[in-house]
Every structure is written in structure tokens, then in C-alpha cells.
Amino acid sequence: MDFINQHPVLVVSLVKIAVLLFVVMTGLAYLTWFERKVVAHIQSRWGPYFVGAHGLLQPLADGLKFLFKEDMTPPASDKFVYILAPFLALALALTAIALIPFGPPSVRVLGQPVFVVANLDIGLLFLFAVTSMGVYGVALAGWSSNSKYPLLGGLRSSAQMVSYEVSLTLSVVGVLLIAGTLNFNDIISGQSGYYLGFIPRWHVIPQIIGFLCYITAAIAETNRIPFDLPEAETELVAGFHTEYSSFKFAMFFMAEYANMITVSCLATILFFGGWLSPFPDSWTWQLYLPGAGLILLGIYCLYDTIVSMRGIAKIQFAVVTMLCLGGGAISLIPQVASVIQGPFWFTTKVIFFLFFYVWTRGTLPRFRYDQLMNFGWKLLLPVSLANLVITAFVMILPSAARHG
Amino acid sequence: MLILDHLWIIMALPLLGAALNGLLGKNWPKSLINSIAIGSVSLSFLCVLELIREFAQLSADQIPWIGNYFTWITAGSFRVDFALQVDQLTIVMLLVVTFVSSLVHIYSAGYMAHEGGYYRFFSYLNLFVFFMLTLVLGANLLVMFVGWEGVGLCSYLLIGFWFLKQSAISAGKKAFITTRLGDYAFTVGILLAFWTFGSLNFQDMFKSVAQMSSETMAHAGVLTTIAILLFIGAIGKSAQIPLYVWLPDAMEGPTPVSALIHAATMVTAGVYMVARMNPVFSRAPIAMLVVATVGALTAFYAATIGLLQTDIKKVLAYSTVSQLGYMFLGLGVGAYAAGIFHLMTHAFFKGLLFLCAGSVIHAMGGEQDMRNMGGLRKQIPITYWTMFIATLAIAGIPGFAGFFSKDEILDAAGSGPHKNILLWALGLIGAGLTSFYMFRLIFLTFFGHERFDHHKVHVHESPSSMTVPLMVLAFLSIFGGWFAAPHLLGGTDYFEKFLHPVFAAYAPTAGIEQGASLAGSAGASGEIAQSGAMELIHAITGPPVIVAVLGLLLAWWLYIKKPELPAKLAESMRTPYKIIYNKYYVDEIYNALFVAPLLFISRYVLWHVIDEGLIDGIVNGSASVARATGSRLRELQSGNARSYASWVVLGAVGFAVLLLAMLGVRH
Amino acid sequence: MSVIPVSYYLVLSAVLFGLGMVGVVFKRNIITIFMSIELMLNAVNLAFVAFARAHNQLDGLVFVFFVIVVAAAEAAVGLAIVIMITQNRQSLNVERANLLKF
Amino acid sequence: MVPFFLFFVCALLAVAGAIVLIVAWEPIHSALSLVLVMMALAVLYLLLGAEFIAAVQIIVYAGAVMVLFVFVIMLLNAGSEERTNWSKLAKVAGLPLAFFFLLAVAHFLSRSAVGANIANGAGAVSNAGVSTRALSVALFQQYLFPFEATSILILIALLGALILARKDE
């Protein structure tokens, strides 16, 4: 106990990291389930259904499958790099998440903020640094497998990511100009307040162009459809991870989804006020929204359990129902409610962006490679640049007017 | 005072003409060209006349009149102005030069009518006049020297005028190089003069000379040295022994050129120079003796060569040489005035002779050998008569110009203050020979039966543009000498009197007696009444006249009476004939003594050893050294990036070591 | 609060620089040589930052910034050249590209 | 204590990376080791309180330049380095001189007055934001002209790279 008192930073950080890892890993697993479900319903299918109720245990099954598959390494490959690549990818992806504040820094345990692992003053820069390193995973994977398609995939992805990273960064700079800081918490708290008393002062409103550029670049940065050229199965089998199997493949998989989450979080923080509630503080009933939402979900599950579930699924779903109702009940306790406000709103927004991701995937066709490059360099970059210039101009306009 | 204040105009006019013709005249019509040339020269002649008018109004102390235009050279104490000066001597020279030049120009307009390079010829001629005037007008040795060299250049250009004729080219070179020998001594003389007198202006020099006591035969000094050096220059320019060889060859040039440059004006530059420097010479007896001796020897020697020449122009050339010898003889015996006088008269009759020869050649269609002429007296009477008058003049027949001048010279040599019987005798014999070969020329050319083919050559008189100058000059050849006529009657010699200030101004104390003799003769003029007739008789029956008549008769006897005799004589005394006929083999001797060794040295030492061996060696050597080092250094540029990198590292390390060393010093 | 002498940083940068130098001199692969140069640049940057810190001045940092920018430009051009060389010589070996001209 | 530990770890990593960069036969290994070096250096920059520089180091160097290298290596499919004989000059001059250079610098440092201690990274983190701001101020005011010049330089480099690498039909 006294150890804890002596090294609060160390202990709290370790705990936070453990929790975050667990949450993110599960989140990743169920993100896959979420994606499959959404795409399925977009295509009017059922999607995963039989492993667990509504296929809720599907991610678990996939994970087991990955773990127990034979892990084969191409003989001609460069062993060291071949193994290094997936670890690099996943590690970097998770590191990025460590920078994300899920809730207000005011919530503290042992004097340490709870909802963020590392609160850096140059958080954003650091985040970009980490994501920029993400290229290596893909590129090295493509190179080290010593095979044709992976190499092409690696080439494509490295080129694509480097190109779009530029516009990604540029599109964000506008926000930075307004916020005047690189610290996530400061950026978020800078967005508090409302236009006309009820429209939140989120950066998305002045920076709508920047936001559009950002989201486009972000999709490309994460190699998602419609920019998933590196793994375009119609052209390159499976792209850079063709030669990967079993858990190494799973790592790439997870890295990709982790990146999705990171990017969505970033969008939330920079443009949508992070953990800030969209409603004015005066609307006190919003405190009970999380609890209410959970209880509603529980009620739906209860109905479902009773009406449509059969056999083992009925038992599983009963558990889910219990969790939802219980969680909802707890959330209605004022202290708890006030604490989970931030995470609630944050998660909601992130989930919306993830849905957007899946939505685009379900909707848009894939670019051709030259189209991709032209789009990146000849449209995206100039637009974000213009956005930056205009922002800067508007920013200095008042002072310029003042100084004549 | 127009011209006096602007003396340069006289020179500028010919220069202008030369520039116009030479630079622009290539495609101008001949009429325009020769009108420009003649106009410019005759204009400057008119200027001279105006100058004389103004000069007459000057008081004695204003003479010499000096026009100082701009500072030409300044180096330390050495300062030379471009200054012109006018005194009596200058006046005489100016007259002679401009007048004869104008006539020759007019003559040339006809003579060169059918020649190519018309504009070239006239621009050269004008240029020559310009330089000659510079020479004459110059107020210091350096300006004079410019003219001196300039006329040399023009003579070179004009001798080699027909530059397609090998002989003409080599003759031009010969003239240039031979005179250059003299000019070298002349230059040294100038330097010595500046070193001695501290200035090159004639007046300053003469003033400081006047301070110096005149040297005697016993102790010769710097004055003698200067005088002799300058005189060597004169030898070269005025074709005296031993440098006369260029003049006969110079006849390769067009005849008007021979008349103007190689008879009337340029070759007399030496005489003018010596006369101009008379104060120096008067104080250097040895120099005077040298001048006189060289003059007399040349006069005699050239005459002997003239005896047997068959080329009409060559005869005249040698006679020119000998006449120049007479002038120097005159100067050498202290009769400067007589020398200049002879210069003037000679300019008239020798110019006339050459022009006549040119007319003859013109008539004969380019034939120059007298053995192929004869009996021309009928066909070309004007030429004949004018040439005959000139011959009488040069032979010294009483009443003609040559008589007075030559008589004065011989008189001075025989009975002057510096009298020298030996030289007098030489001069006398020379006079006889002169009249002989001149009349031989006349008889061979105009008398006897015709020795040419009518069908080939049809003889015709020259156009008026040529004959008019002949007549004018003939007139002067008769009366040009009569200034001195009263002298024969024991009266004053106006020419000498006119020039007296020039030569008396800085005359040494010894020169007093010269003035005294003049005074004496002036005093003697009182006795003209009774002894004038005697004087006259004595003068016209004096030795010069006698030898002249003898020469005439001998020539008549040999070439009219018994034309076959000369051949016999030649047979009888073979050796001397051959020797003289070959001009004493001087050219051959010079060839063997100087030219051949020079060529040998140039070819085998300077060319093959010094130039090819040493200089080319140095050049090629440096080149090959560069190449060798280059091929060594090239190894560094291996193109191997890593070796470059190594070099960079080397440099970095060196720098670091340097840094450490400095820090080591500092700590 | 423990402190690190700036000379440590300097020695480190010197070592890195020297290693980069060795790489430039000894490697044959053009790209590797290039990377060695980058390594040297980094070493210099380290020295810059260390000095800036030692004297509490920003100039060093600004210099580092410029160095990085220039390095980026250099890399762009240099790699383009490398590509050309390789296309012409069919080899990445600098010793194959020793003609001093293309 | 922590800074010292960090410093030595990073230093060791950097040197090790540099050595690997030299001895590796595979260009890609060299590239990776260089990335490692850069990472280590970035951490050192953080220790020195230059967070901005650290970030830029990673973003530009590790994230862009080195990616470019890797890209080119992949593009040219650069196999392992061919073992030709060493340049004689390099053998006789390069290696000894390089080490001599090291010795010289070390000697220079050992006796120079730059032994001054500086505050470690822990103290620097607090004023990092300030330092970043100050840095940007210096960059855009005091060093504005060089900044513009560099931007032009980059533009030129861009064009040069384009023209050089373009496939001329």
C-alpha cells in the first residue's frame, strides 16, 4: 500500500494501461463483429448469427481460430523483419491510443487523471509521429515476405500513406491555429461553450473543410475502402499480408482496426469537442442519458430474449440483458453519472465515426491507383492548404485591423 | 601672323591629303585623287610663301620663331614638347621641299596615270611630304627624329611601291635596313646629347654649347662623339660611304619618287641635320674633318662608278651620291651656307634630271638602258632641252645654278678657313668626272643613231602635266643660283647673307674669322669697280670650270666623234674596267662580310638553336610539365565516390588537428 | 535532480558522426552510403540540441529544424538520382558508377 | 537517476544501431537500424527538453525520409550488397583516419570547457510547451528569411526529384 503512495504515477499508469489494453482489445474484437453486422444489413443479409446470440461470440471464435491455426513462415523470407513487421504495426497502433483522453482530466485517482494514459503537451505531434511510423509495419511486411504481390502491396501502401499523411497533417493545422495548443485536453476544453446558447462551439463548424479533408485522408491513412489499395484482393491477392497467417495476420488485422479507432478518436477530439456534451450544461437531464440508454437497450434485449431466443442463446442473452439493466441502474446514481458523462459522449461520437467507416465501406467502390495518387496530391493537398491559408488569414485579420 | 601662329597648318595639309586618299580613296576617280594630293601640297607651298611674307616682318631677336603646341613626353627631368621652329635655314628647306614636291606631284599625275594603286601612291607621297616638313620644322631633335624615321618609312613604302616585283621589295628592305644602321648611331647621339645638354631643344642645346670651349684636334671630347654619331646617321640617310649602297637600288621605285625623295629632299635630310647642328660640329674639328673627308671621298668615288653605268637612272643615282658628297664637303670645311646652297640648286637640277629621265623612259616605253637609246633629240625636244640645261647645271658650266654652288664649295675647300688641298683635289677631279658622265649620258641618249626598234617602241613626247614641271625646274636650274652671282664680282653672297644669322649665332670664337672673311669679302666689294672684271675672269676660268669643260670635250670625243673607242678602251684596260663596272664589288663584299654571316647566325643560331631549341623548348616544356602533372593528378579523380569520401575525411581530420593545435596553444 | 553533462551528448554525437563517416567510406551500396550521411546529419543535430540546451538558447534548435528540412530535400533529390544511376548501371554499387558522367 | 538510465540506454541503442547500419549487408536492415538510431535520438531530444524537435525528428526523419529510403529500396528491390574489393584508399586512409578523428574529437571534448552540466529532461518537460512556442516565434520572426529560403529550397528539390525520376517516354 505504501508502495502505491510512494509511486502514484507508476502504479496508476500501469493500471490504466492494463485496463485500456483490455478495453481496446475487446473493442477491436467486437468492432469486427459490428462491421460485419452493419455491412450485412446494408447488403440485407443477417451477418454472423449462429455463434452465440446474434453472433455475439463470433469474435471470440475468430480469435481462437487465429491462435490455433498453423503459423507458417515463407522460407525465402527475411525472418527478422518478417516477424518484426506485425509487432511494429500493432504496437504503434496501441501506443497511439495511449494518448487519447476519454474523459475530463478533472476526474482523478491518487491525484492522477483517470481517463488518459499519457497527457503530453505535444500530444498531437506525438500522435502523428507514432502514426507516421505505422507505415513501416506495412512496408516491411510487404518487403520481407519476399514475394511479388506483397512487395507491390507494400510499395503501394508506403507511397499512399506517406502521401496522405501530408494532407492529414495539413488539414489538422487549421484546428491547431484556432486552438493554439497541441495538448488534447486543452484543445477539447477550448471547444466548450455555445453559439447562440445551444450550438456547441466545436471546431467542425469553422473547420468544416478541414474536417472533410481530414476524414478522407484518415480513411486513406488506415488503408480502408475506398483506399484499400494495398490489400486489393482483386489485384494483389491480399496485398502486403498475403504471406501472413494465423496470429501474425491477426496482429495486422487488429492494428488496422486500432488505427481506425485512433483516427476516429482524433476526429472526435479535434472537430467534435471530444468528451464534451453537445447540450448546454443547463440541461441537467442529460446526466441521466447514459443510464436511460442502457436501460432501454436492456429492455429491448429482454424482449428479444423472451420472444425470439431459443436454447443456449436464450441463456446468453439473459446475461446480456442483466448487464445492461444493471449497468443502467448504476449509471443513474448521480456521482457515477457525472463521472461517466465524458466517456459516454466520447464513446458515442467515436462509435458514430466507426459506423461512418463501415458505412463508406459498404457503399463506395475502390479507387484505381493513379486516381488515388492524383486525388491525394492534386485535390486533397491543395484544398487543405487553401483551408490552412484562409484560416490563418482570418485569424490575423482582427489584429491586422487593430494595427491598421 | 596667321601661319607663324599656326605653323602646324603647313604640315597638317599633306597629312590630311594622305589620310583622305589613303583611307577613303580606294574607289575614287583618279582626277579627284590627284587633285586632293596636288591641292594639299601646293596649298602648303602657298602657306610657306605667306610664312615667308610674315617672317620678313620679324625682328632679329624674334628669330628663331618657336611655336610650342603640347607637351609630348615627360619622364622625370626628360621633357619633350611638340614644338616647331622657323628660322632662315628652315625657310630655305621649306621652300625647296614644298616647291619641288608640288612639281613632282603634278608630274606624277601624268606619269602614274596608267599605274595601279594610284591612291596608294599619292597618299604615300603626301605622307612623305608631311614627314619631311616635320623633319624640317622640328624645334628639337626628337621631333626631327620623328620626321627622320617617317621619311624613311615613306621611302621604303615607295621604293617597294610595285610590291609584286621581287627586286623592288628587296630594294625597299635594303634601303630601310641600311639607313637603320645609321639611325642607330643617330639615336645614341640623341641620347648622348640629352645626357650632355639636359635638353633636346635646339636653342637650349646651342646655348649650353656656347658655354663650352671648342675642342681641338688633340683632345676630342663629348662634342666630337655626339657630332660623329649624328653624322653617322646622316651617312645612312644621305647615302655616303660606306652606307650609300641602298640609293642606287632605290631606283626600283617609280621615277617621280626617285626625283623627289632620292634626289631632291629626303637624302638631303642628313645635310640639313648637320647644318642645323652646326654649333656642335663647329666645336668638333675632328668631326668636321671626318665630314669633309667622307664627303670628298664619296663625291669622287661615286663619280667614278657613274662613269660606266649604262642604266640611265643608275647614273643619276650615283651622281646624286657624289653631289651629296659635295654638300658634306662644303659643310665639312665650314661653308655651311655653301652646302645648303648646293642642296637647293641640286634639288632643282637633280630633280629635273630625274624627271627628264622619267620622261625619256616614258617615251621609250619603260626602256632604261642607254645603250638601247640614242638620237632621241628630235622626237622629244622639250625633254632634251630641259635635260641638257640640267646637265650644264650639274656639270658646273658658268652661268648655271650648279656652277655657283659647287664653285663656292670648292672655293671654301681650297681657300676657306678649314682649307684642305687634298680634299679640294678630290672634289675637283670629281667635278671633272661628273661633267664627263653627265654628258656621256646626254650623248648616248639623245645623239648618235637610234639603237632601238621603231616597230616595238614608238617614241612620243610626254603630256603637258609632265613637261610643264620640267620647264619650271629648267628655269630654276639656270637662275636658281644667281643669288650668289655678286659674290663672283667680289660682292656679297645674298644667300649666305640670308643664312648668316643661323650659322653665326652660336659660332665658336674660331668662327669669327669666317664672319671676318665674309666682312672682308664685303669690304672687298668696294674694289669691284676696278677688279670686278678680273674677279669674274678668274672665277669662270677657275679650275672647276676647266675640268668641267675637259670632261665635256672628252665625252664628246668618245661618244660622238669615235663611238667605237669606248669598247676598245674597255678591252685595253680590262681589270679596272670590270672593277668599276661592278661598282668595286661593294655589294658583293658587304654580302660576304655582313649579310651572309648575319643570315648564317640568324638561321643556325637564332632560329634553330635559340628559337626552336630554347624558346620552343620552354613553351613545349611547360606544356608537357602541365600534362604530366595533370595525368598524375587525374588519378585522384578516380570517379570512385568512396575515395572521394576518404579525401574529405582526410581534410576533416586535418582541420580537427589544426583546431586542436590552436586550442593547445590557447590552453 | 540528477544532471547529465553536455559533454556526454557531444561524445555520443562524435561517435555517431565517426561511425557515419566510416559508413560513407566503406559501404558500397549507394543507398547505405546515403543513410550513413543521414546518420552524420543526425549526430550533428544532437550536438546542436545539446549546445542549445547548454547555453539556453533557441538558435541551436532552429538550426536543427533547418538541418532536418534540408536533409529531407536532399533525400528527395538524392534518391531520385540513385534511381537514375541504378537504372543506368543496373547496380547499386558506387564502384560501378565511376565514369564521372552518364 | 532516471535520466541517466534513459540516456545510457538510448546512447547504447544509437551506437548499436549505427554499427548495425554499417555492418549489415542488407540495405533494409541498415535502414531499420537507422530508424532505431533516430528513435533513440528523439528520446534524447526529449531528455534535453526539445520536444518539438523530437517530434519533428520522428515525423520527418523516421516517418518520411526513412520511409522514402525503404520505399526506394523496395522499388529497386536492392539485394544484399555485392562484395567487391575495398577501395585501397579507403582501406589505408579511411578507417584509421575516421578513428583518429574520433579520438581527436574526444580529446578536444575532454579538455574543452564545455563540461558544463545541463538540466535533465525531467525538468524540461514542464517548460516544453513554452519552449515550443518560443521556438516557433524565433523561427517565424528572427529566422523568417532562412525559413522562406528553405521553403524555396524544398520546392526546387521537389521539382528536381520529379524531373530526375520521371520516366522519359
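Which residues in H5(B) meet which residues in H6(B)? Before selecting them, note that this is a predicted model, in which local features need pLDDT of at least 70 and side-chain atom pairs count only at pLDDT 80 or more, while totals for chains, interfaces and linings use all residues. Residues are numbered from 1 along each chain as its sequence is written, and chains are lettered from A and ligands numbered from 1 in the order in which they are written.

**Stop one: two helices of chain B**

Select helix H5 (residues 118–137) and helix H6 (residues 141–159) of chain B; helices here are DSSP runs of H or I with at least four residues, strands are runs of E with at least two, and both are numbered from the N terminus. On the H5(B) side you will find Tyr124(B), Leu127(B), Phe128(B), Phe131(B), Met132(B), Thr134(B) and Leu135(B), and these meet Val143(B), Met144(B), Val146(B), Gly147(B), Trp148(B), Gly150(B), Val151(B), Cys154(B), Leu157(B) and Leu158(B) in H6(B). Two residues are in contact if their C-beta atoms, placed from the backbone, lie within 7 Å. By class, this contact has 14 nonpolar, three polar and no charged residues, where Ala, Val, Leu, Ile, Met, Phe, Trp, Tyr, Cys and Pro count as nonpolar, Asp, Glu, Lys and Arg as charged, and the others, Gly among them, as polar.

**Stop two: Phe403(B)**

Now select Phe403(B), which is found in helix H18 (residues 401–415) of chain B.

**Stop three: between the chains**

Turn next to chains C and D, where the contact takes 62 residues from chain C and 73 residues from chain D. The largest share of the chain C side, 21 residues, comes from H3(C). By class, that side has 46 nonpolar, 11 polar and five charged residues.

**Last stop: a helix of chain D**

Finally, select H7(D), where two of the 22 residues are buried, so this helix lies largely in the open.

Definitions and conventions: Buried ≥ 20, exposed ≤ 12 C-beta atoms within 10 Å, placed from the backbone. Axes fitted to C-alpha atoms, helices over the stretch in contact; angles between N-to-C directions.
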